[in-house]
Amino acid sequence: MLQDLYPHIYHNEMAWKAPAPDDYALIFAPDGTVYCDLTDGALTLPRIRDVGPGEVQYAFSIDERADYLLSDAEFEEKDGFSYLDTGKLRSLALGPALMAAAAGESLYRWYSSQRFCGRCGRPMEKSKIERAMVCPACGNTVYPKICPAVI
């Protein structure tokens, strides 16, 4: 799927930057749904300005559009936005919003599954210097392994 994004360019380099109001929010629920608007087969993700404050983390950019994971947030369905089963994304036409939702889900699942250290069992923390989870107790570091064939 990554190879089909042309002429758009996917930038997955880690960056620490604050979101702008027009940047996109990637909001996933533990039940396998994504908060989005699906009208006439066109996928639209909410903007940061639409979802308000929350703990966000830069995920990646597609061309110049930045996408942020929004953690621990629940939103009511309004203005056409609702929670959609991510399995339904496979039937949509390829484009930047679909790519962002698919890649964002992969990151969301990875962060969600790395909550506790595999070595000592204590809670992990997000690294301050790279895309990784670090155990403050024993120093164990875990990096994401995102298969491009999946997204």
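What percentage of the 151 residues in the protein do buried residues make up? The share is 40%. The model is predicted, and it contains 2 helices and 11 strands.

**Fold and dimensions**
- Along the sequence, the elements follow the order β-β-β-β-β-α-β-β-β-α-β-β-β.
- The radius of gyration is 16 Å, close to the 15 Å that the globule rule gives for 151 residues, so the protein is as compact as a globular protein of that length.
- The C-alpha trace spans about 50 × 35 × 30 Å along its principal axes.
- Of the contacts with a separation of 6 or more, 61% are between residues 24 or more positions apart.

**Surface and charge**

**Backbone at two aspartates**
- Most residues other than glycine have a negative phi.
- Asp40 has a positive phi, near 55 degrees, and lies in the loop between strand E4 (33-39) and strand E5 (42-44).
- Asp40 counts as exposed because its relative accessibility is 81%, and exposed means over 50%.
- Asp63 also has a positive phi, near 55 degrees, and its place is in the loop between strand E6 (56-62) and strand E7 (65-70).
- Asp63 has a relative accessibility of 27%, which lies between the 20% and 50% cut-offs, so this residue counts as partly exposed.

Notes: Residues are numbered from 1 along each chain as its sequence is written. This is a predicted model: local features need pLDDT of at least 70, side-chain atom pairs count only at pLDDT 80 or more; totals for chains, interfaces and linings use all residues. Side-chain values use heavy atoms; hydrogens and water are left out. Helices (H or I, at least four residues) and strands (E, at least two) are DSSP runs, numbered from the N terminus. The radius of gyration is taken over C-alpha atoms; the globule rule is 2.2 Å times the number of residues to the power 0.38. Buried means under 20% relative accessible area, exposed over 50%, partly exposed in between (1.4 Å probe, protein chains only). Contact means heavy atoms within 4.5 Å.
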